[in-house]
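Hi,

Here is the structure I promised to pass on. Have a look at it first, and then read on for what I found in it.

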Amino acid sequence: MIPLSWYLILAAALFCLGLYGMLARKNAVAILMSVELMLNAVNINLVAFWRYGDPNQVVAQVFAIIVFAVSAAEVAVGLALVISLYRNRRTVIAENVDLLRW
Amino acid sequence: MDFITDHLLTFILFSPVFVALLMLFLPGTEKQLLRWTALIGSLIPLLLSLVLWFQFDGRATGFQFEEQAVWYEAINASYHLGVDGISLSMVLLTTLLTPLAILASFGIEDRVKPYMILFLLLETGMLGVFLALDLLIFFVFYEVGLVPMYFLINQWGSPKGERKLWGNVTVPARTYASFKFMIYTMGASLGLLLAIQMIGAITGTFDLLELYDVWRVTSTSLTVFGLSASTVKSIAFWAFVVAFALKVPVWPFHTWLPDAHTEAPTAGSMILAGVLLKLGAYGFIRLVIPLFPHEAAIFAGALALLAMLAIIFGAFASYGQNDFKRLVAYSSVNHMGFVVLGIAAAAWAARNAHPEHAVIAMNGAVLQMFNHGLSAAGMFFLVGVIYDRTHTRDLRKYGGLFPLVPVYGGILIFTSMASLGLPGLNGFVSEFLVVRGAWPIFTFYTALSMLGLLFTGAYIIKGIRSTLHGPLNREWIGHLSEINGRELAVIAPLMVLMLWLGIWPAWLLGVINQTVTAIFG
Amino acid sequence: MATETLIWLLPLPPLLSFFLIVLFTNRNKLLSHTIAIASAVLSWLAGMVVFARALGDDFHHLGEHPFESAINWLPTGTGAFQIGVRIDPLGALALFFVCWTVLMIFIYSVGYHNFGQPEGDHDAKGLPPHGATVKHDGHSHTVPSVEPNYSRFFAFISLFAFGMYVLVVSDNLLTLFVGWEIMGLCSYLLIGFWYAKPSARAAAIKAFMTTRIGDVFMLLGLAYLYAQAGSLSYSVIFSPETLDHLAHESAVGGLFGLTAAGLIGILLFIGTIGKSAQFPLHVWLPDAMEGPTPVSAMIHAATMVSAGVYMVIRIFPILAAGGHHGELTPAMMALAAVGAFTALFAATIAIAQNDIKRVLAYSTISQLGFMVAALGIGAYIAAAFHLMTHAFFKALLFLGSGSVIHGVEHGVLHTGDHSVDPQDMLNMGGLRSKMPVTFWTFLIGGFALAGFPLVTAGFWSKDEIFADAWFLYSHDGNGWGLFVLIVLALAAFLTAFYTMRQITLTFLGEARTEEARHAHETPWTMTFPLVVLSVFAVGIGWFGIPDDFPVLGGLLPNLVHGVAYTLPEEVELAELVFSAVPLIVSLAVALLGLLFGWLVYRGYRAGQADPLKKSLGGLHTLLENKYYLDELYHATFVRFSEWVSETLTYRWLDQGLIDGFLHTLARIANWLGTNLRDRIEMPVISDGADALGDGVKIFGRNFRLIQSGRIQNYMNLVLVIVVLFGVLFYLILQ
């Protein structure tokens, strides 16, 4: 059987990838996608811990499903914001949007 | 009518305030209206005090027309008014001089409304002191009088002149004078306030009539802060004395006076010299001697010494002036010295079984207060008249004005002579009584104060010499007009009273004498 | 009318006249002088009626029951101070001479002030008139012009007359003092009548201030007496009980071992020294001659200066209280010394004066000294007698001198040379023929002053003084008598001498200037009073001839002697016995003095030096300059009091010491406030709060930079902090 650590390393790598993407990419859509990556990394963790932990418990699966739902909602709202942003400011580059600056 | 006679003193006291409130609603641009309102308004207390005068029972002793109402129950201070012969004469003086001062201020063009209102408030402040029979009320009115006078000097005082303080610091003269007047007087009243509070704390009352009985016999076993009763009383005594001595003023507390009198507007000087100075002397008579008979007798010698110095140095300083108004101002120091000398003599004599000397000295002192009120107000007014025309007070710039202003000249000589104490005019009677009363008590001081009386002559003559006599200063031909009808209306009542009191002083002295005899006789 | 009522009313007409003129009629000269003279006539009439009733009552009876009436004036405690009127023998005599001289001087003033003459060309108010040019028959000439302040003059002398009447009719020392001071004021106003002249102004002030020195002492004396006796009414203070009390009470403070009576007497007497111009307060009287001549006559000869002597005569019982027969009390010694010295001192100055009025002024001082000295040796009657005769003849002399001046001024106006002083006797001479009435009356007055034997009043009164002095010496062996006799005899000799000098220089010989040549007699309003007064200057003496005088004694009733009945019976006067010694002295000094005066000056020519100058040399210069007393007083008292006033009291004490102290207080308060502000308030509290605010501000300004508004920056930060905290937790949890 594949040891748990492999799943965890995969999830960590995926999370780091997502984190990097979120911090480094300029395109707002790409940032959104990176966030999804990070969420999925968490899901992997959840599922892996369920499988290697107490399989009778379904809490992890429920959590994973809630994460799916949240991320779906997030993508819906996030994309709507990006489109609105593009309509207003003709850009989807995150750096150019600094309205909350001091 | 009964309501009015029952509350006559309250009506006298507050009618000026009422008129002042009324004037608040008059337009500030209608100067004539404001002036006449103030004048007629100030005649109300005069009429009421004449009613008071005629209803006053000259044979009864003690206070009359007493009124008492709850005022500050927690500390037993009440609104308690009353008059006796001494305060009656002072009330009459105040209500007489205020309309005259207001009439004398008809020439004021600048901010007439606040000016007149301040004057009326001032009248209430002064009357309150003379009418109060409660220490706290007394003190309140004593201080209230300061405020309008401060503004009158500060705002309407003579615009010219600077006073060098130290180094290169100079301030406008009227600022200096008003500030000195205010700070000096208030500083001295601090002790008075503390002493009053101490008396109130010890005896539990502020009512004068009660205190007359209680305070002077306050038990000797009493201790406050570990001090014996006699020490406490001495401290309180000196607190009272300093406050009143400064107001009188007694040498060496007098230097605020020439400044304030000189810089004040003419009417302000009239009231200042005519009435405000009497508050101090009245304080001695009403509070110091009855409350502290023992201490007063002990320290009477010191007080007499200061009075003598006031008489002498007042006369000398007056003679040394070249500013006409300042000369007249110093004459007040000189004349009020006689008041204090009389009071000191009376204080001593009353305690040492010489009631006949005490009565005469005190009669003289009170009469001198009244007389000085008339003559000093008259003198300041006459200085104001000539200042209005020449815009200078420098005696050296006048000269030989008699042919230009014969009527004014005659009036000036008349008033000067009243001030000098010429027999046949008012000042003589009171000065003689004071000298007569003080001679057996303070022989040496009385004898020395004759030096002051001699120089009274010198400075009065100096004033007349420099203004009226001598070669005519041709500069003034065509610039100096004769005294006008309004000004005559101001000075005429004063002159009539001066003559009347000189020839027949008994009408006023009788009332004073009755009270004084009841106190000392 | 009851006599008492009449006495009450007697002083009032002049007062009424004063007020009427001042208030209403001052623009109308005719009306003003009519009112004034009418008032004087009324008072005179009342005075004569009172005098007649007093005489009819006979002085002995009057002395015991004087006309008196009093009212309560000042309430003092349970009692009252009374004032009232009283005419006793002394008062009656004083009233007599006052009424006459006042009335005469009022009339004289009309002429003196050129009533009826045109207004002057360049006359200004406050200056003497300078004359007016009138055109007559085509050519113009200058005539005297009317006084510009004519009405005012009558107002003032009316008030003055009121004061004198008050003084005479008073029954107490306080109203006497009232009249005394009113006269002092009028004296000031009248000496300074020509107030625009600096010299007149200075003289007026000098008179006022000098007499005031005496007055304040007198006030003390009154206060003392009142305190001791409880009253100032004559009837009380001269009662035996009071006198006894005063004589046995020692003076307050035990001053010089005096009794109360002695100290009171001396204090009151100092009032007289001022008012009656005795040494050392005599300096004002000669200067007072700056006033118009009627003023000099009335105030400075007949009435006001006499009032001083009148007062000491009044208080004689007090002065003499405690003394024994033939002995002098200390107060009397003071009187005798001052009086005798003044009499001689002033007479020496008088011989060297050239101003016709100044001679008379010094003569007045000297004669008043006679009276004071007489009183000092107890010669009560003689003093009162001399007071009365002197009032008449000195008023006459002053009016005469005014007439002379007027006449010479006429000459000055004629020649137009205003540099000629019309008062300088050296510019006169030969006026006898030009002004006969003035000459004869002046001669009578002068002889009366010199004491020309038997005829004149001055002889009788002066002789009486000598007789008293001699009696005191010969009978009681008191050396003061001899001293006073010798000094007064010397003074009397000088008096006769300077009187004759004056008459000779003025009237006799040839006119020495063109102006004197053109002098002419003055109008009847001026000469009539001269004639009337000259009658009294002679006749009044006959009513005071001692009864035991050889031949003449007892021919006429000795009215003057009746003055003695004024005194309470306890005060004893010496009963004189006739002696030839004082009579011979009196005759000798008068006649020799007159003779020498005539001999020395009869040959005096214009431009010559005064003959006395040659014989006296430096002494004459000293006399001419009045012993330099004026200069001395000015350099000491006047300068000193100015220094005390301006520098010591005002600059040093008030402005320096007291205000300096106050300013120091203010400065300390100011310094304290400034320092609190500069050291604590501003740097610590205010700046501290500011620094806090500024710090926050700076921090915020710098720290806000991290708020870039870029989401990725924030995320980076979050990452860093999470890592940081992770590490931190890791380390801590270890």
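Let's start with chain A, where buried residues make up 12% of the 102 residues. Bear in mind throughout that this is a predicted model. Chain A has three helices and zero strands, so its pattern along the sequence reads simply α-α-α. For 102 residues, a compact globule would have a radius of gyration near 13 Å, but the value for chain A is 17 Å. Its C-alpha atoms fill a box of roughly 50 × 25 × 25 Å along the principal axes. As for contacts in chain A with a separation of 6 or more, 53% of them link residues 24 or more positions apart.

Chain B is next. How many helices and strands does chain B have? The count is 20 helices and six strands. A compact globule of 521 residues would have a radius of gyration near 24 Å, and the 22 Å of chain B agrees with that. The box that holds the C-alpha atoms of chain B is roughly 75 × 55 × 55 Å, again taken along the principal axes. In chain B, 61% of the 521 residues count as buried. Of the contacts in chain B with a separation of 6 or more, 80% come from residues 24 or more positions apart.

You'll find I411(B) in helix 16 of chain B, which covers residues 406–420. Is I411(B) buried or exposed? I411(B) is buried, because 22 other C-beta atoms lie within 10 Å and the cut-off for buried is 20 or more. Setting aside the neighbours within four places in sequence, I411(B) is in contact with L382(B), I483(B), I491(B) and M495(B). Take L382(B) as one of these: L382(B) and I411(B) are 29 residues apart in sequence, while their C-alpha atoms are 8.4 Å apart in space.

Now for where the chains meet. The contact between chain B and chain C takes 47 residues from chain B and 46 residues from chain C. On the chain B side, helix 13 (293–319), helix 15 (355–390), helix 16, helix 17 (426–438), helix 18 (443–467) and helix 20 (506–520) each supply at least two residues. Which of the helices of chain B gives the most to the side that touches chain C? That is helix 18 of chain B, with nine residues. Sorted by type, the residues on this side of chain B are 30 nonpolar, 14 polar and three charged.

Chain A touches chain C as well, and that contact takes nine residues from chain A and 10 residues from chain C. On the side of chain A that touches chain C, the residues split into six nonpolar, no polar and three charged.

Inside chain C, I'd point you to two helix pairs. Helix 7 (residues 173–191) and helix 8 (residues 198–229) of chain C have axes 8 Å apart and pack at an angle of about 170°. The two helices, helix 7 and helix 8 of chain C, are therefore roughly antiparallel to each other, since angles over 145 degrees count that way. From helix 7 of chain C, the residues that take part include L173(C), F177(C), Y188(C) and I191(C), and among those they meet in helix 8 of chain C are A200(C), F208(C), M218(C) and L225(C). By type, the contact of helix 7 with helix 8 of chain C has 13 nonpolar, three polar and two charged residues.

The second pair is helix 11 (residues 260–275) and helix 14 (residues 304–314) of chain C, whose axes come within 8 Å and cross at roughly 160°. Helix 11 and helix 14 of chain C are therefore also roughly antiparallel to each other, and their crossing is left-handed. Among the residues that make the contact are L268(C), F269(C) and K275(C) of helix 11 of chain C, with M304(C), V305(C) and M311(C) of helix 14 of chain C. The contact of helix 11 with helix 14 of chain C divides into eight nonpolar residues, three polar and one charged.

One last thing in chain C: helix 13 (residues 293–302) is mostly covered, with 10 of its 10 residues buried. The buried residues in helix 13 of chain C include T293(C), P294(C), H300(C) and A302(C).

Cheers

Technical notes:
Residues are numbered from 1 along each chain as its sequence is written. Chains are lettered from A and ligands numbered from 1 in the order in which they are written. This is a predicted model: local features need pLDDT of at least 70, side-chain atom pairs count only at pLDDT 80 or more; totals for chains, interfaces and linings use all residues. Two residues are in contact if their C-beta atoms, placed from the backbone, lie within 7 Å. Ala, Val, Leu, Ile, Met, Phe, Trp, Tyr, Cys and Pro count as nonpolar, Asp, Glu, Lys and Arg as charged, and the others, Gly among them, as polar. Helices (H or I, at least four residues) and strands (E, at least two) are DSSP runs, numbered from the N terminus. The radius of gyration is taken over C-alpha atoms; the globule rule is 2.2 Å times the number of residues to the power 0.38. Axes are lines fitted to C-alpha atoms, for helices over the stretch in contact, and angles run from 0 to 180 degrees between N-to-C directions. Angles under 35 degrees count as roughly parallel, over 145 as roughly antiparallel, 65 to 115 as roughly perpendicular and the rest as oblique. A crossing is left-handed if the near helix is turned anticlockwise from the far one by less than a right angle, and right-handed if clockwise.
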